[in-house]
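Please look through the sequence and the model shown here before reading on. The paragraphs that follow lead through a surface patch, a helix pair, charged contacts and a few backbone details.

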Amino acid sequence: TDLHTSIDKFQFDNVFMNASGVRCYTKGELDELAQSDAGTLVTKSATQAKRLGNPSPRYARLELGSINSMGLPNEGLEYYLDYALNFQKANPDKPIFLSVAGLSMEENLAMAHAIEDSDFNGLVEFNLSCPNVPGKPQTGYDFDRTQEVLTNLFSFFTKPAGVKLPPYFDLAQFDQMAAILNQFPLKFVNSINSLGNGLMIDPETDTALIKPKGGFGGIGGAYAKPIALANVRAFSQRLDPKIQLIGTGGVTNGRDAYDLILAGASLVQVGTLLQEEGPAAFTRLTRELRAVMQTKGYSAISDFKGQLKVLS
Ligand SMILES: O=C(O)c1[nH]c(=O)[nH]c(=O)c1Cl
């Protein structure tokens, strides 16, 4: 069985990669991902300047996943662009993703210009869905603002790019968002980011588990699987076929990854599981996905991608 997959002209020898924000803040962490069985990697969403992020505790493991309110801590765009430029020289056959999350239109456009003017030859993920910067609503939940950001962006940006979306929970929202996204030369849509602004409680102390925002943070892990499946499926049914899907959310084993691919995903990102198990998770996930494919009689991702059946 072969886990080879592609997005646009970019080829990957394995469908798995990290979700932005997980074990991808430093060059050391990024190198560990590069040396793992993952097919590629994405950097922590960058702002122009380095950010410390929210006060700790800002991440907690939960029974069925995780809660985080990191607050967009990162080393700044230059750091990740520098990493990417060095990486692509040393690994010409492994395209990587550079994630950016500007806190304003101006910041997003300034970072996009910097990347456009660079020799970066991988893919750019514009993160429209960070739920944890106090006072900053998620762009992905404001349709007019999303339209505006993408219009300004693609008035000059020519490198391969996609967007990271928050989860939507209403079919009219899928329709509306897909109608916006179909207007732009996007190579991919990555769905979903964490389930924004959840809350969990420490049973000993009756206290919210994390400090920022009174304990409110993005939920990941198994809790997210049914929402991730629905979002990938809904966009797969609505987007121009030129726009491919990256499936993120709820991957704990090979079957979860198989399901996201059935729903339409060309790549599968791993967040909470990677945070808890480390890069060796990719070795297990790869083994388990191959086993599911073998059971089903499939030898390639294309044999079953998007082939979810429904009851007639
Ligand atoms: O708090 C964060 O840094 C964060 N946390 C998330 O769960 N998703 C994001 O996109 C970001 Cl940017």
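**A walk through the predicted model**

Leucine 199 sits in strand β10, which covers residues 195-199; here helices (H or I, at least four residues) and strands (E, at least two) are DSSP runs, numbered from the N terminus. The model is a predicted one, in which local features need pLDDT of at least 70 and side-chain atom pairs count only at pLDDT 80 or more, whereas totals for chains, interfaces and linings use all residues. Residues are numbered from 1 along each chain as its sequence is written, and side-chain values use heavy atoms, with hydrogens and water left out.

With a relative accessible area of 42%, leucine 199 is partly exposed, a class that lies between buried (under 20% relative accessible area) and exposed (over 50%), computed with a 1.4 Å probe and protein chains only. Together with Ile201 and Phe216, Leu199 forms a nonpolar patch on the surface, and the accessible area of the three comes to about 280 Å². Patches of this kind are made of residues with over 30% relative accessible area and no salt bridge, where nonpolar side chains (Val, Leu, Ile, Met, Phe, Trp, Tyr) are joined within 5 Å and like charges within 9 Å. The accessible areas come from the Shrake-Rupley method with a 1.4 Å probe, and for residues only the protein chains shown count as cover.

How do the axes of helix α3 and helix α4 cross? The axes of α3 (residues 105-116) and α4 (residues 143-153) come within 10 Å and cross at roughly 30 degrees, the axes being lines fitted to C-alpha atoms, for helices over the stretch in contact, and the angles running from 0 to 180 degrees between N-to-C directions. The two helices are therefore roughly parallel to each other, since angles under 35 degrees count as roughly parallel, over 145 as roughly antiparallel, 65 to 115 as roughly perpendicular and the rest as oblique.

The charged contacts come next. Side chains of opposite charge can pair when their charged atoms come close. With a salt bridge taken as a side-chain nitrogen of Lys or Arg within 4 Å of a carboxyl oxygen of Asp or Glu, the count comes to 11 salt bridges. One of them joins the side chains of lysine 50 and glutamate 75, at 3.0 Å from N to O. Lysine 50 belongs to the loop between α1 (27-35) and β4 (59-62), and glutamate 75 to the loop between β5 (65-68) and α2 (77-90), so this pair ties together parts that are 25 residues apart in sequence. Glutamate 75 counts as partly exposed, at 30% relative accessibility.

A salt bridge also joins the side chains of lysine 225 and aspartate 256, with an N to O distance of 2.6 Å. Because lysine 225 lies in helix α6 (residues 225-238) and aspartate 256 in helix α7 (residues 254-263), the pair ties together parts that are 31 residues apart in sequence. Lysine 225 and aspartate 256 are both buried, and a network of salt bridges links Lys225 and Asp256 with Arg255 and Asp259. Within helix α9 (residues 281-296), glutamate 288 and arginine 284 are four residues apart, about one turn of the helix, and they form a salt bridge whose closest N and O atoms are 3.1 Å apart.

Some backbone details remain. The peptide bond from serine 56 to proline 57 is cis, with omega near 0 degrees, and proline 57 lies in the loop between α1 and β4. Another cis peptide bond joins serine 191 and isoleucine 192, where omega is about 10 degrees; isoleucine 192 is in the loop between β9 (188-191) and β10. Although aspartate 8 is not a glycine, it has a positive phi of about 55 degrees, and its place is the loop between β1 (5-7) and β2 (10-12). Leucine 72, also not a glycine, has a positive phi of about 65 degrees and is found in the loop between β5 and α2, where it counts as buried at 2% relative accessibility.
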